[in-house]
Amino acid sequence: MLKIRNLRSFYGNLQALKGISLHIEAGEIVALIGANGAGKSTLLNSISGVISSKRGQILLDGKDITYFPPQRIVKEGISLVPEGRQLFSPLSVMDNLLLGAYQRFSIKKKTQIERDLERVFQIFPILKERRKQVAGTLSGGEQQMLAIARGLMSKPKILLLDEPSMGLAPKIVQDIFRIILRLRDEGTTIFLVEQNAQKALEIADRGYVIETGRIVFEGKSEELLGNREIVRAYLGRGYRKVWE
Amino acid sequence: MSFFSQLLQYVFTGVAVGAIYGMVALGFNIIYNATGIINLAQGEFVMLGGMVMISLTTGLKVPMILGFFISVGIVTLIGAVIERGAIHPLKNPSVMTLIIITVAASILLKGGAMFIWGKQTYTLPAFSSSTKPISFGEASLNPQTIWILGIMAASMIVLAIFFNFTMTGKAMRACAANKLAASLVGVNVKLMVLLSFALSAAIGAVAGIIITPVALMDYDRGTMLAIKGFATAVLGGLGSNIGAVIAGFIIGLMESLGAGFISSSYKDAIALLVLLFVLFIRPGGIMGTTGEEKFKK
C-alpha cells in the first residue's frame, strides 16, 4: 500500500535520513523502533509532507506522492498523529474533531461527517463526554485519544502514529495500544513509531529498526523480539546475558 | 460648564476614539494570530478606507451605503495583493524580514496615497442626515459616535460568528493555535495567511470610513493610528480580540480625559506611555498569557 524507496531527507545541510526503503501492506500494523534522534519522526514528517527537502520516492497505491504538500497528503489518505499530540488547545474537543475532517468538509458531506463523529465517539466514549471542553484542559491520556481521533476524522487509509505512548501512565498506554489494535481490526492500516519498543512489537505484525537514518533490521515482530542484538539495544531485557 | 458635563463630554469623545483604536488593534491581532508578525501597514488600511470612501462618495457621487461596501472591498483587495505580492513568494522567511516588508508596504501605500490625493485633509458627511448633537445636560453626543459604536459592535459580531461558527474561521483559529497540526489536518496555511491580510485590511477600512466624518482624513493619518492601535493591541494582550476592545476603550478614555484635564499637548504621548508601562509591568497585556506560550515555542 505504502512504499518508500531510498528516501533521503535533509535539515539544511544535515542529512537525517540516509536512504530509507520500506513498505507497508494494507491491514498491517508496522512498528518502527529506534533510539532518540535516529530519524523516526523525520521519517513520518517526510511522509506527511511537513519536511519538503527530500529525495527518493514515496508511493501510495502506486501513486507518487513524494512532493505533495501536507494538505494533499491528507487528502490522499495518510494522516499523521504527531509527536506531542499537537492539539488545537484553545479550541473545543468538538472543533478539534471537526477540523480533523477539514479537507473533506462541505455541507453535502455533513451527514457523513456526523456518522464518522459517532464512530470516533464509540471508540473514545470519554471524548463524547468532554466534547464541549477546551482541548488544552484534557488530561494527557485524553489528549492523546483526541489526537488519534482527530487523525481518524480524515478517514485515512494509513494512520501514522508518532510516539502515542509518550508521557502516559502504563495503564493508559495499555488502553491506547488496545485501541490501535481495534483500529487495525476495523480496517485502518497503521504505521507505529515508538520508543517503547517492547509494547510496539507486541502488537505489530512487522517491524523496522532505524539507526542514525538507516534501516538496520527488518522482519516479523517475533523475529525482532527474538533477536539478541535488538533485545539488548532497544528492549533492555537480557542486558545482563550479554555482559557475561 | 460643570465638571460633570465636562467629564461626560470627554467620555463621549474617548469612547469614539477608543472604538477606532480597538478596531485597529483587531486588525493587528488577526494577522498576528495567523503569522506571528506585526503588520505595520495596518494604519494605512485605515487611511485608505477613509480616502477611498471620500473619493467614491464626494468625487463619484456613489451613494453612502454602496460606497461603504465598495471601499471596504477595494482595501480588502489591496491587503490581499500585498500578501500575494510581498509575503507569499518568500520561502521560510524570518519574522523580522516579514515585519520589515510590512514597513515597506506602509511607506509605499502612504506615498501612493499622497500621489493620488495630495496633502490636503478631507472629510466625509456624517452618516445620519441630522447632524444635530444629542445633548445630555451641557455635554453633547455627536450622532456619529453612535454610528461608530454600532458599526464596531456589528463588525465584532460578524467576526465572532466567523471565527466560532464557520469552518474557515475555525481553520484560521487552528492555524493560530498550532500551524503544524493545522497543515496536518489539511488546512492550507498559506491561504489562511492571505485571508488574514484580507480580513484585517477590511476591518481597518471599516474603521477608517466611520472615523472620517469626525476626525477627518489625510494621507499621513495612518502612522499615528497604527502606533496607537499597536499600543492598544499590546495592552489588550497581543492576539486577544476581547482584550483589544477593552484596551481600545481604556486608551481612548485615558487620551481624551488626559487631553481635557491635563493638557491636550500630551494627547499623543498617552498611548505611548501606556505602551511603555505595559511592557515594563505586564508584557502579556490584560487578557494575554504571561509569556508562557512564547517559552513553549
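Reader: How much area do chain A and chain B bury between them?

Author: Keep in mind that this is a predicted model. The contact draws on 21 residues from chain A and 17 residues from chain B. Carbon and sulfur atoms carry 71% of the buried area, and the total that chain A and chain B bury between them is about 1,800 Å².

Reader: Which residues in chain A lose the most area to chain B?

Author: On the chain A side, three residues together make up 33% of what that side buries. Those that lose the most area to chain B are A:Gln71, A:Phe88 and A:Tyr102.

Reader: Which side chains meet in a salt bridge across the interface of chain A and chain B?

Author: The rule finds one salt bridge across this interface. A salt bridge needs a Lys or Arg nitrogen within 4 Å of an Asp or Glu carboxyl oxygen, and here the N to O distance is 2.9 Å. The side chains that meet are A:Asp95 and B:Lys170.

Reader: How many residue pairs are in polar contact between chain A and chain B?

Author: The count takes in pairs with both residues at pLDDT 80 or more. On that basis, the number of residue pairs in polar contact between the chains is two.

Reader: Which helix supplies the largest share of the side of chain A that touches chain B?

Author: Helix 2 (70–76) and helix 3 (93–100) of chain A each supply at least two residues of that side. By class, the side has 13 nonpolar, six polar and two charged residues. The largest share is four residues, and it comes from helix 3 of chain A.

Reader: Which helix gives the most to the lining of the second largest cavity?

Author: This cavity has a volume of about 30 Å³, and its lining is made up of A:Asp116, A:Arg119, A:Val120, A:Leu152, A:Met153 and A:Lys155. The lining divides into three nonpolar, no polar and three charged residues. With three residues, the element that gives the most is helix 4 (residues 110–123) of chain A.

Reader: A:Asp116 also forms a salt bridge with A:Arg104. How many residues apart in sequence are the parts that this pair ties together?

Author: The structure holds 21 salt bridges over all chains, and in this one the closest N and O atoms are 2.4 Å apart. A:Arg104 lies in the loop between helix 3 and helix 4 of chain A, whereas A:Asp116 lies in helix 4 of chain A, so the pair ties together parts whose separation in sequence is twelve residues.

Conventions. Residues numbered from 1 in each chain as written. Chains lettered and ligands numbered in written order. Predicted model: local features only at pLDDT ≥ 70, side-chain atom pairs only at ≥ 80, totals over all residues. Heavy atoms only, no water. Contact = heavy atoms within 4.5 Å. Buried area = accessible area lost by both parts, 1.4 Å probe. Polar contact = N/O pair within 3.5 Å; in protein donor to acceptor, adjacent residues only side chain to side chain. Nonpolar A, V, L, I, M, F, W, Y, C, P; charged D, E, K, R; others polar. 1 Å grid on protein atoms, 1.4 Å probe; cavity = no way out; pocket = protein on both sides within 12 Å on 5 of 7 lines; lining within 4 Å. Points joined across faces, edges and corners; volume = space filled by probe spheres on them.
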